[in-house]
Amino acid sequence: MEGTHRVLVAADKFKGSLTAVQVAERVTAGLRRVVPGLEVEALPVADGGDGTVAAAVAAGFERRVVRVSGPLGDEVTAAFALREGTAVVEMAEASGLQRLPEGVFAPLTASTYGSGELLKAALDAGARTIVFGVGGSATTDGGAGMLAALGARFLDASGEPVPPGGGGLASLASADLSGLDPRLAEVELVLASDVDNPLTGPKGAPAVYGPQKGASAEDVAALDAALAHFAEVLGAAVGARAAEFAEAPGAGAAGGIGYGAMLVGARFRPGIEVMLDVLGFAPALERATLVITGEGSLDEQTLHGKAPAGVAAAARAADKEVVAVCGRLALAPEVLGRAGIRRAYPLTEVEPDVAKCIAEAGPILETVAESIARDFLT
């Protein structure tokens, strides 16, 4: 019986303790301790946020490294992934919170210029399809920086470029998109995100995500007004679609970079769906008898487009059994069941001390995987 099993490990990272690749390695090691020689296929997954390029590289994409502007304008080394004309670009690589110095926030001035440079690098590398994963941003500039890097011009009343960041858009007098890189019209640009917020308003980028980027109540109000003004000025340059896109689900993704991406023709798709397509999940799923997914915390947020929910939905549609591993579990068994997950195995079941779970996640995860093997594979 044991020889007939083939396990697919399709888990996201455990943020702060294990990468998605390490999760797969540890789960495999634990399973094989109980079932030596077990066939295991690892397909680390991501939902468009940070870790997306790493998941693509683990799936066989080539890692390309470029120097681009960080959120504060200083140069950083960022990576994207490329395979057969498809590029996976992660905006957090250039414009993410991880690019800010420890304890430093810049809600009004952080720019997405480097994200535009990353897209340009993907175009230069010959990409025909670009999957643009957005999430974990330090920025709230509506994608203005990104568009500027791609050839757009945003000028104040005296004809000077407006200052970087969402705050600088308050002084915007005119927008000119005629200089945008012509190659943008020829590629398929897919905006991969699990965020469906509009650009502005009570559910908009500044109000919902500004505070976690260090924005005070005053900053949120200023950014909301500046982004509304940005959309208004763009209306004069590109017509009615400027206002339509501002209201569209996903426009508010990553500080409004979703809005900027839509202006250059991006199509919005749930991040995990896009990534499962790009990573070759369907054929791997077909080969599997059991699927193991997971992430650091299985909670209410997981159900809203995070990687484990996407994996479980696809696996259930293919009639495959799914279990999950996680650091901590905050979902009841019936909720997991509705999401298509038969059972979840949190590290805290083995080691109740959360600090220890984070510090020693690898060995504890191997122990958890042994339990899965005993429960499902023997």
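F154, F230 and Y259 come together as one aromatic cluster. This is a predicted model, where local features need pLDDT of at least 70, side-chain atom pairs count only at pLDDT 80 or more, and totals for chains, interfaces and linings use all residues. Residues are numbered from 1 along each chain as its sequence is written, and side-chain values use heavy atoms, with hydrogens and water left out.

Rings of Phe, Tyr and Trp (its six-membered ring) pair if their centres lie within 6.5 Å; planes under 30 degrees apart are stacked, over 60 edge-to-face, the rest tilted. That rule gives two aromatic pairs:

| Pair | Centre to centre | Angle between planes | Type |
|---|---|---|---|
| F154 and F230 | 5.5 Å | 70 degrees | edge-to-face |
| F230 and Y259 | 6.0 Å | 75 degrees | edge-to-face |

Helices (H or I, at least four residues) and strands (E, at least two) are DSSP runs, numbered from the N terminus. F154 sits in strand β7 (residues 153-155) and F230 in helix α7 (residues 217-238), 76 residues apart. Y259 belongs to helix α9 (residues 253-263), 29 residues from F230.

Buried means under 20% relative accessible area, exposed over 50%, partly exposed in between (1.4 Å probe, protein chains only). F154 is buried at 7%, F230 is buried at 0%, and Y259 is buried too.

Now for helix α15 (residues 361-376). Its 16 residues reach 22 Å from first C-alpha to last, close to the 22 Å expected at 1.5 Å a residue, taken as 1.5 Å times one less than the number of residues. Its buried residues include I364, L365, V368 and F376. The buried residues of α15 pack against α1 (20-34), β11 (290-298), β12 (321-329), β13 (343-346) and α14 (354-359), with contact meaning heavy atoms within 4.5 Å.
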